Structures are given as C-alpha cells and as structure tokens.
Amino acid sequence: MLRKTLLAAALLAVFGCGSPTPPKSPTITWETYRMDGSRTGVQHLTARNTMETAFGTISDGVYTSPNGRTFKDNEVSRCAAILMDAQSAIASKKKVIGTTAAQMRIEEPQCELSNMYIDALMKRVAALTGKKIDVGLTNFGGIRTELEQGDVMVEDIEAMFPFNNTLVYVPIRGRDLKVVLDSMAVRKWEVVGGIKARVKDKKVVSATIGGAPISDDKVYGVATISFLLNNGDGISLAPLSVGDYIDTHERIDTCMLNYVRALTAAGKKISYQKDDRIVKE
C-alpha cells in the first residue's frame, strides 16, 4: 500500500491533479540552405581554376571565401583549413590526362559515354584473358558522373567509376542471355556492347550478336563487372556461367584511366558516338 501511495504521489507531482497531461515537447525549427556555394562562393577545384579562386584563402587564422566573406574561429574556417590542407595530398588526382571534344551526358538506353565505357571494357577483358568477347554488359548505375567539355583530370574518371568493381569474363549460353535481355526490357535497360536489339512495349522484338540471331546453345563470351555476378542491380551472371568465370582483378577506373591516357598519347580527344545497338520504339 505504501508503494502504491508513493507512486500516486509521484504521478501527481509530475502531471498535477485531474487528467494526466504529458509535458509538451520543445518546438524545433529548421533552416535549410542549398549546397550551391552561394554563401561562400566556393567552387569545385578543376583544371580550369586555382585553389584561391575555388576555395579562397587563409591568413592569420582568418578564412576569406571566394565571394569575399570572412570567417574566424568557427566551423566554416576550420572546415576550410582542413579542405585546403588536404589538397597537397591529392595533387596527383588533379593531373590533366585528356580532353573531351564535347560534353558527355548519361542518357538511357545508350549514350556516347556508356557506349565508350562498355566498348573499352570489352577490349580490355579480351586483352587480359585472351578470350573472345562477344558481348559486353554493365549497369548504368555504375557511371556516377558525367564529363564536361574540356580538360579531364584523374579525379574526373575516378569519380565516374568510384567503386571497387573489377573486370570479369563470363561464358554464357544464348538462351540465358535472352532471359537477361528480356528482363532488362521489362524493368530497365542497362549498358550493352556487341548486341543490337529492338525493344517495343517492354519486349525484345529482335536481338543479334555479331550480326547474327542469338543461338540458344551457343556459348558467348561476356565482358562484365564483378558487381553483376550476384544480384547487382538485379542481375546475376555467375549462376549462368558455363564453367568457371574469370575475374581479372583489374578495377574499372584503372581500365578507363588507361583508355583515356592511350587516347591522349595518340593525339586524340575523348569522344564517342551513339549507334543502333539499342532501339526503343
């Protein structure tokens, strides 16, 4: 009884007499800002500007942003110091390795950027494995950024392919490739090479490999990436492999960095073209 009385007294002390009313929660308000550099004028550091014009300057503990605002002993000045101190450590990422002839955007079901990527991947897998490559398959989600017109730095390519995915060879029968293509037609078309397909009403109307209809029993050499071996973006190629697949252990960004450097060494700009590999009606 004593315990019940003490409990009742405690409840009364908290809630008062009458119907218990819980205490009100404090009101919280938020103020949001667009991450567009409008407060400080900070820009992305590229091959076309300098650290001073992109990030501003720090002198005697005072940070002066590109738009002239000054900050001292606060979060802004401390973040600026960290950012600017780190630039010397990543200077190699700012090295210009090529030049684009025009802006290269990501567009589905194909674009200059995706076609260049998968065709380069197919050639590299063939070179690394010594296997005949008939088909290339990767995912649009693996292309994380686009390329602006002009100079291209190491970090531009690494930002485009930031994951640790590696180049892989997988031998797959034609009947299983047809299933993969039908699945993509229904949900989302991915990046392909070596294939020409017409798609209508989310169905593959026709598809050829090397100019010939896909043969159910023929085994085709497929160049892909490790992410798509086991349910990456809903695609699982490993279970379809006829025998063992080959992981080259070469990362995508390494492949594409070498591709761009080879173009530059040959005196060529980075450019590519759309074609009729995928036609949606």
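Helices α4 and α7 are roughly perpendicular to each other in this predicted model. Their packing angle is about 100°, and their axes lie 10 Å apart. An angle from 65 to 115 degrees counts as roughly perpendicular, so the pair qualifies. The α4 side of the contact is made by M116, Y117, A120, L121 and R124. Facing them in α7 are I252, C255, M256 and Y259.

Together with W189, M256 has the most contacts inside the largest nonpolar core, a set of 58 residues. Helix α4, residues 112-129, supplies the largest share of this core, eight residues. In soluble globular proteins, nonpolar side chains tend to be buried together.

Now turn to helix α6, residues 174-186. Its 13 residues should span 18 Å at 1.5 Å a residue, and the end C-alpha atoms are 19 Å apart, which agrees. Which residues of α6 are buried? They are G174, L177, V180, L181, M184 and A185. These residues cover an arc of only 140° around the axis, so they sit on the same side of α6. An α-helix has 3.6 residues a turn, so residues three or four places apart point the same way. V179 and V186, on the other side of α6, are exposed.

The buried residues of α6 pack against strands from several parts of the chain. Their partners are β5 (135-138), β7 (166-173), β8 (191-193), β9 (195-200), β10 (203-209) and β12 (219-225).

Technical notes: Residues are numbered from 1 along each chain as its sequence is written. This is a predicted model: local features need pLDDT of at least 70, side-chain atom pairs count only at pLDDT 80 or more; totals for chains, interfaces and linings use all residues. Side-chain values use heavy atoms; hydrogens and water are left out. Helices (H or I, at least four residues) and strands (E, at least two) are DSSP runs, numbered from the N terminus. The expected span of a helix is 1.5 Å times one less than its number of residues. Buried means under 20% relative accessible area, exposed over 50%, partly exposed in between (1.4 Å probe, protein chains only). The arc is that of the directions from the helix axis to the C-beta atoms. Contact means heavy atoms within 4.5 Å. A nonpolar core is a set of buried Ala, Val, Leu, Ile, Met, Phe, Trp, Tyr and Cys residues joined through side-chain atoms within 4.5 Å. Axes are lines fitted to C-alpha atoms, for helices over the stretch in contact, and angles run from 0 to 180 degrees between N-to-C directions. Angles under 35 degrees count as roughly parallel, over 145 as roughly antiparallel, 65 to 115 as roughly perpendicular and the rest as oblique.
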